[in-house]
Amino acid sequence: MVQLKQGQFMQAVGNAAEINELLRRYGVKFGIYKNGVFNEQFFPFDPIPRVITAEDFCSIEKGLVQRVNALNEFLYDIYHEKKIVRDGIVPEDFIYISKGYLAQCEGITPKNRIYSHISGIDLVQAKDGEWYILEDNLRIPSGASYPLIARELTRIAAPSAFEENNIVDNRGYAELLKETMENANCGGIRAILTPGRYNAAYFEHSYLAELTGSVLVQNDELFVEDNILYHRTYSGGKTRIGVLYRRISDEYLDPLTFLPQSLIGIPNLMEAYRSGNVGIVNAPGNGVADDKGIYYFVPKMIKYYLGEEPILKNAPTYLPFYEDDMKYVMEHLETLVIKDVAEAGGYGVVFGSDLTKEKLEEFRQTIIAEPRRFIAQEVIDFLDLPIVEGDQTVMRKADLRAFVLSGEKTKVWASGLTRFSRNPDSFVVNSSQGGGFKDTWVLSR
Amino acid sequence: MKQVNFYYCAKLTFDDYVHNHSFALRVIPPETETQNLLSCSLNITPYVSTQQTVDAFGNNVTAGYLKGDHRFLDFEIKGIAQVDHTKHRTDYMPCYLYQSQYTKPDDALKEFYTDIKRECTGTAADRAEYLCAALANTVVYEKGHTDTDTTAAEAFALKRGVCQDFSHILISLLRMDGIAARYIAGLAFCDGETHSWVEYWTGDHWEGIDPANNCLVNDDYIVISQGRDFRDCAIDRGVMFGSYTKQLQLVRSILS
């Protein structure tokens with residue numbers, strides 16, 4: 001166990017209510033739509049940090065860099081030669097039925113061949129200390145701002161904790177993000193595109209814009225003229241945008257290429273992007289690589305593209321698409337967790353053990369009818385972390401979203417978002433399912 | 001080989017002024033193995049500067065941005081092409097094997113395919129011609145019942161449609177049969193507007209088939225654009241601001 005000077009951060013625990021109040025005032029919220037109604041929820045902060053030792057972090061770091069590099073190679077390959085399909089490593093069906101595959105992106109090569117500039121990789125630590133990858137998020141992973149601001153406030157509430165312990169400063173995220181955006185810049189200013197204040201992650205958009213010195217924009221301030229993306233200035237002029245960190249999904253990005261009914265996109269953005277006149281962070285079309293069905297193939301990709309053994313393990317996963325796996329899934333359904341590949345945010349996750357006999361049978365038939373729609377995984381018994389509830393400390397399930405930034409080099413941010421489930425019986429930690437978050441301290445030695 | 005003069009124009013008219021109008025036109029025919037452009041000119045009014053790109057499907061895209069108030073956008077294109085269908089196009093993409101937005105079959109269309117699939121045998125060409133004939137026996141060419149948003153399943157339910165609908169249904173059937181197929185928008189001698197037909201993959205190259213006329217494609221057909229379905233081939237897509245309520249589109253084409 002890590003030798004932390006506990007007394008110091010207990011100071012933060014004592015000040016937890018204050019920190020949460022400050023977060024509330026900063027507008028650190030999480031908005032979700034449920035049944036068509038927009039609700040802003042406070043994203044509760046727990047003051048006891050997750051601590052990752054220097055040694056542990058070093059191996060996680062290597063594993064994540066390796067994984068993200070392989071995923072970037074995969075994306076380039078899929079939108080160009082498709083060697084991995086031709087060589088029979090990934091079945092064609094898994095690419096072209098995936099909703100994340102966008103035929104409109106065929107042949108586009110983003111600057112420096114980087115597709116996933118900001119990757120949010122979700123991991124869990126099992127009780128035996130081993131780390132497992134749960135999910136890759138290569139589209140627009142959110143959450144980096146929460147540990148950033150929480151750290152800021154904890155430093156104020158418990159300054160001695162940071163003097164007495166060797167904690168890597170996480171404030172470098174802004175610089176890292178700026179570097180990454182600059183590496184994708186095709187000439188012009190940096191901008192962060194937000195759909196607006198009713199978006200779940202609006203706090204994050206504005207906070208990151210402030211920290212990186214980027215312009216926070218909405219689509220009606222932008223236009224494409226002569227294949228160049230411009231920001232309309234208040235004085236009626238225009239400023240060229242060289243890189244757009246967009247926080248809207250692919251389908252809404254350009255109504256002339258994707259969904260014509262999109263009101264939050266920028267017409268002809270894709271033409272400017274295809275011509276190499278603007279960088280888009282992350283690249284459109286990345287969904288094909290973070291599809292839950294593709295997850296199964298990531299260790300194979302690492303071997304295929306990099307010729308290396310994967311450093312970090314996947315959770316043991318079965319694809320009912322394969323006959324052998326289907327057989328195993330049918331025999332062990334009640335102990336597995338089944339995920340619908342088309343869903344995100346903790347939706348479409350079913351634990352076999354939660355189902356009644358009839359429901360289980362019904363579900364079995366659904367899987368047989370649509371084997372491509374599901375993946376099945378062993379339930380990892382992951383490490384519980386202490387959280388403060390009232391005046392007690394209780395143990396809850398938690399995961400870690402690590403942020404990997406790909407610029408000139410691929411780097412892992414020495415922090416991350418630790419999310420926990422407030423429900424003692426739940427393994428689902430997504431913020432949209434009512435979880436909370438912790439700061440993640442990486443020790444420097 | 002045949003030398004064809006082509007002329008094509010479209011007029012977009014709004015009943016009130018619009019501004020900040022972004023558009024993307026897919027009107028300049030691509031140069032391919034089967035068609036060679038001797039000349040081609042595009043004229044757009046009001047004057048606007050445009051940029052040319054080539055999209056993922058190999059289509060020429062003309063993009064522009066009209067900032068000021070205007071009530072219409074006209075474009076006309078004319079040129080001379082040499083068409084030669086003894087040569088073959090080979091620009092294959094695996095996505096053409098999978099159903100797309102407009103071609104996804106519903107239960108009725110799936111059932112139609114299941115009922116005829118026993119007779120559908122032989123080479124890709126045999127099967128494509130068989131499916132095309134089966135379609136011609138089931139769906140009637142009739143204007144006014146469908147529009148550009150109509151899917152293959154919807155048109156099949158109506159048992160009526162125009163060239164776009166015939167193309168979507170045939171593509172849907174071909175893909176169900178495991179044959180890659182794509183949508184072609186273009187000009188043909190049989191039509192005074194734009195036409196649409198289908199290309200299927202023989203395993204080696206693309207072959208054209210015209211389901212609305214239940215015939216094979218010859219040198220009388222000029223390709224303007226291709227894609228998974230109509231969505232990838234729309235002649236013009238645009239976004240504009242203004243309080244207009246109606247947009248009128250007039251299209252005319254002449255081949256000689």
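## Basis of the description

Residues are numbered from 1 along each chain as its sequence is written, and chains are lettered from A and ligands numbered from 1 in the order in which they are written. Because the model is predicted, local features need pLDDT of at least 70 and side-chain atom pairs count only at pLDDT 80 or more, while totals for chains, interfaces and linings use all residues.

## Domains of chain A

Chain A is assigned domain 1 (6–309 + 381–442) and domain 2 (316–378); such bounds come from an automatic or database domain assignment. Taken over C-alpha atoms, the centres of domain 1 of chain A and domain 2 of chain A are 27 Å apart.

## Contact between the chains

The contact involves 21 residues from chain A and 18 residues from chain B, where two residues are in contact if their C-beta atoms, placed from the backbone, lie within 7 Å. On the side of chain B that touches chain A, the elements giving two or more residues are β1 (2–25), β3 (50–54), β4 (60–66) and β13 (236–242) of chain B. Helices (H or I, at least four residues) and strands (E, at least two) are DSSP runs, numbered from the N terminus.

## Helix α2 of chain A

Helix α2 (residues 16–26) of chain A has I19(A), N20(A) and L23(A) as its buried residues. A residue is buried if 20 or more other C-beta atoms lie within 10 Å of its own, exposed if 12 or fewer, and partly exposed in between, with C-beta atoms placed from the backbone. The buried residues of α2(A) fall within an arc of 100° seen down the axis, so they line one face of the helix; the arc is that of the directions from the helix axis to the C-beta atoms.

On the other side of α2(A), A17(A), E21(A) and R25(A) are exposed. The cover over the buried residues of α2(A) includes β3 (45–52) and α6 (145–157) of chain A. Just after α2(A), G27(A) has a positive phi of about 80°.

## Helix α13 of chain A

In helix α13 (residues 298–306) of chain A, the residues V298(A), M301(A) and I302(A) are buried. These residues lie on the same side of α13(A) because they cover an arc of only 105° around the axis. Just after α13(A), G307(A) adopts a positive phi of about 65°.

## Residue L64(A)

L64(A) belongs to helix α3 of chain A. This residue is buried, because 25 other C-beta atoms lie within 10 Å. Leaving aside neighbours within four places in sequence, L64(A) is in contact with I121(A), L312(A), A402(A), V404(A) and V412(A). L64(A) and V404(A) are 340 residues apart along the chain, yet 7.2 Å separates their C-alpha atoms.
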